Amino acid sequence: MRKKSHNISDLMARIHIVKGKNFVTIENTKTLTNLELLELIPYMMDQSFIKTCGNVNILVDCQCSKEVVSLLKEYEFTLHDENVTVHKVLEESSNLGEGFSLKDLHDIPLKEFKNVWEASMKESLNAPSSLHIDDQMRSVEVELGPNCKRSCMIAYENDVPIGVTMPHIEPGTVDEGRIFYFGILPSERGKGKSKLLHQQTLEILKKEFNASYYIGSTGHNNLPMLKTFQSNGCMVVERNKVFKRKKRVSKCT
């Protein structure tokens, strides 16, 4: 048994936990040392909301120790992907020109949004989600609450869908802008539309959601999205290994 030398409540306060309908994601572990992680992980895995959850993700720094990786494997986690996280201060808006036409769930049927969202995930360079599109939609509704309708947007060009973007304020904060999902349809990729739609979304985060800064992330193999981040002035702040544990249980609590 590992000696408990740290205040668990303090360690818990330094991480960020995202709870969806049937998933839990543990973020911001970069604030912890390897020894603190070795202490916190067993505690977390003993919590009921973790034990009863079918999909648990934990992000740890790419430079974490072998002992941390070994411990995660003991708890049946496997390496799912490596994520790059970026940051950008959202300053006063610039003139983007016309941009794409955007419609949210106040203007379009839920079925249409899910169809375009699912299509935008096809052939993605990010590691595939283990959740069905309906489960992912329920997770959005749980995490964002009543505001989810204004966050779920389809982008149109000449009345034809080209992708989806989902800007929102991170729950628990007042001004941290995030994009729950951002994707361009396979037929529209490689045409410079990702840069424009992402830039347009950052404008929406600033103007309509009152975000003062933006945090984004993507898989380390998604070079087009990394290029979009760079083109739009986002700076890399961390690189994390994403470990995933999937179990056949009924639901999260």
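The structure holds 14 salt bridges, and the model in which they were computed is a predicted one. Among them, the pair Asp-134 and Lys-114 also belongs to the packing of helices H5 and H6, described below.

Packing of H5 and H6
- Helix H5 (residues 110–121) packs against helix H6 (residues 133–144) at an angle of about 115°, the axes being 11 Å apart, which makes H5 roughly perpendicular to H6.
- The crossing of H5 over H6 is right-handed, and the contact is made by Leu-110, Phe-113, Lys-114, Trp-117, Glu-118 and Met-121 of H5 together with Ile-133, Asp-134, Gln-136, Met-137 and Val-140 of H6.
- By class, this contact comprises seven nonpolar, one polar and three charged residues.

- Asp-134 counts as partly exposed because its relative accessibility is 27%, whereas Lys-114, at 18%, is buried.
- Asp-135 and Arg-138 form a salt bridge of 2.3 Å, N to O; being three residues apart in helix H6, they are separated by about one helical turn.
- Asp-135 is buried at 18% relative accessibility, while Arg-138 is partly exposed at 34%.

Other salt bridges
- Glu-188 pairs with Lys-193, their closest N and O atoms lying 2.4 Å apart, and Glu-188 is buried at 13% relative accessibility, as is Lys-193 at 11%.
- A network of salt bridges links Glu-27, Glu-170, Glu-176 and Arg-178.

Conventions. Residues numbered from 1 in each chain as written. Predicted model: local features only at pLDDT ≥ 70, side-chain atom pairs only at ≥ 80, totals over all residues. Heavy atoms only, no water. Axes fitted to C-alpha atoms, helices over the stretch in contact; angles between N-to-C directions. Helix = DSSP H or I, 4+ residues; strand = E, 2+ residues; numbered from the N terminus. Parallel < 35°, antiparallel > 145°, perpendicular 65-115°, else oblique. Left-handed = near helix turned anticlockwise from the far one by under 90°. Contact = heavy atoms within 4.5 Å. Nonpolar A, V, L, I, M, F, W, Y, C, P; charged D, E, K, R; others polar. Salt bridge = Lys/Arg side-chain N within 4 Å of Asp/Glu carboxyl O. Buried < 20%, exposed > 50% of the residue type's maximum accessible area, 1.4 Å probe, protein only.
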